[in-house]
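Work through the exercises below with the sequence and the 3D view at hand. Try each task before you read its solution.

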Amino acid sequence: LAVKMHFAGLTAVGFTEVNKGDETEEYNEWKEFFSAKNELTRFARDAMLLKQSETQMMNEVTKQRESRRVFAFVHKSILEYLAGVGIKNDLSNLERRLLNEDLDVPVIEALAREAFDDLKFREDLFGIVLLSKQARLTQQQKMKSSNAMTILVASGYQFSNLDLRGLQIGGANLSGGWFDHTDLTGSDLSNCLFGGSILSNAKLE
């Protein structure tokens, strides 16, 4: 639910129930998350991670009574954290969707926490960065490597004394990164942020 809401750019979702006598018909792409059979969402509601509101109305066209139910996480930070964890748990989804677009700061922070705790996840991200050394990359591939680098730096990953020549990571946020004695010769560092980075004896050109 959190991942889908993140990619849809939503902080609250809802669906409408149409009352037809003794029958109730639900319709909306979100209803699957809020059915009685969805144990995870029911747990989130019971744990007070989700809040619900409901309004009653009469549809002037169909003359049927409708109930509008809206759900939202109690705080945006919970949505952002769960989205980050959910995306991380499916690396193919991470590569296909998240790393092909600009990342929100809270999502970067959530993924950075996961990278700090998970060696395999760090290795996967670093592999994406190294693949950017290929001569011809699409714009999406460049965005992917840039975002992977941003997450690694935010996780505290140290790049000191590494050979990182020829990376294509333009636009990456490298603030606070450890790059002492790192060779970044020939790398695309356009629009990268270096605030607070350790760059002693690093090769940047």
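**Exercise 1. Where is Asn191 found, and is Asn191 buried or exposed?**

Solution. 
- Step 1: Find the place. Asn191 is in the segment after H7. The model is a predicted one.
- Step 2: Check the backbone. Asn191 has a phi near 65°, which is positive, and the residue is not a glycine.
- Step 3: Most residues other than glycine have a negative phi.
- Step 4: Check accessibility. The relative accessible area of Asn191 is 68%, and the cut-off for exposed is over 50%, so Asn191 is exposed.

**Exercise 2. What is the phi of Asn161, and where does Asn161 lie?**

Solution. 
- Step 1: Read the angle. Phi of Asn161 is positive, about 65°, although Asn161 is not a glycine.
- Step 2: Asn161 belongs to the segment after H7.
- Step 3: Apply the cut-off. Asn161 has 57% relative accessible area, and exposed means over 50%, so Asn161 is exposed.

**Exercise 3. Classify the ring pair of Tyr157 and Phe159.**

Solution. 
- Step 1: Count the pairs. The whole structure has four aromatic pairs.
- Step 2: Take the distance. The ring centres of Tyr157 and Phe159 are 4.8 Å apart.
- Step 3: Compare accessibility. Tyr157 is partly exposed, at 22% relative accessibility, whereas Phe159 is buried, at 0%.
- Step 4: Widen the view. Ring pairs join Tyr157 and Phe159 with Phe126 and Phe179 in a cluster.

**Exercise 4. Which residues touch the most other members of the largest nonpolar core?**

Solution. 
- Step 1: List them. The core has 25 residues, and those with the most contacts to other members are Leu125, Met149, Phe159, Leu164, Ile169, Leu174 and Phe179.
- Step 2: Name the contributing elements. H5, H6 (119–131) and H7 (139–154) each give two or more residues to this core.
- Step 3: Look for another core. A separate one has six residues, including Ala2, Val13, Phe73 and Ala83.
- Step 4: Follow one member of the largest core. Leaving out residues up to four places away in sequence, Phe179 touches several residues, among them Met149, Phe159, Leu174 and Ile198.

**Exercise 5. How many residues does H5 have, and which are buried?**

Solution. 
- Step 1: Count. H5 covers residues 105–117, which makes 13 residues.
- Step 2: Check the span. H5 reaches 19 Å from its first C-alpha to its last, close to the expected 18 Å.
- Step 3: Pick out the buried residues. They are Val107, Ile108, Ala110, Leu111, Ala112, Glu114 and Ala115.

Terms used
Residues numbered from 1 in each chain as written. Predicted model: local features only at pLDDT ≥ 70, side-chain atom pairs only at ≥ 80, totals over all residues. Heavy atoms only, no water. Phe/Tyr/Trp six-rings, centres within 6.5 Å; stacked < 30°, edge-to-face > 60°. Buried < 20%, exposed > 50% of the residue type's maximum accessible area, 1.4 Å probe, protein only. Helix = DSSP H or I, 4+ residues; strand = E, 2+ residues; numbered from the N terminus. Expected span 1.5 Å × (residues − 1). Core = buried A, V, L, I, M, F, W, Y, C linked by side-chain atoms within 4.5 Å. Contact = heavy atoms within 4.5 Å.
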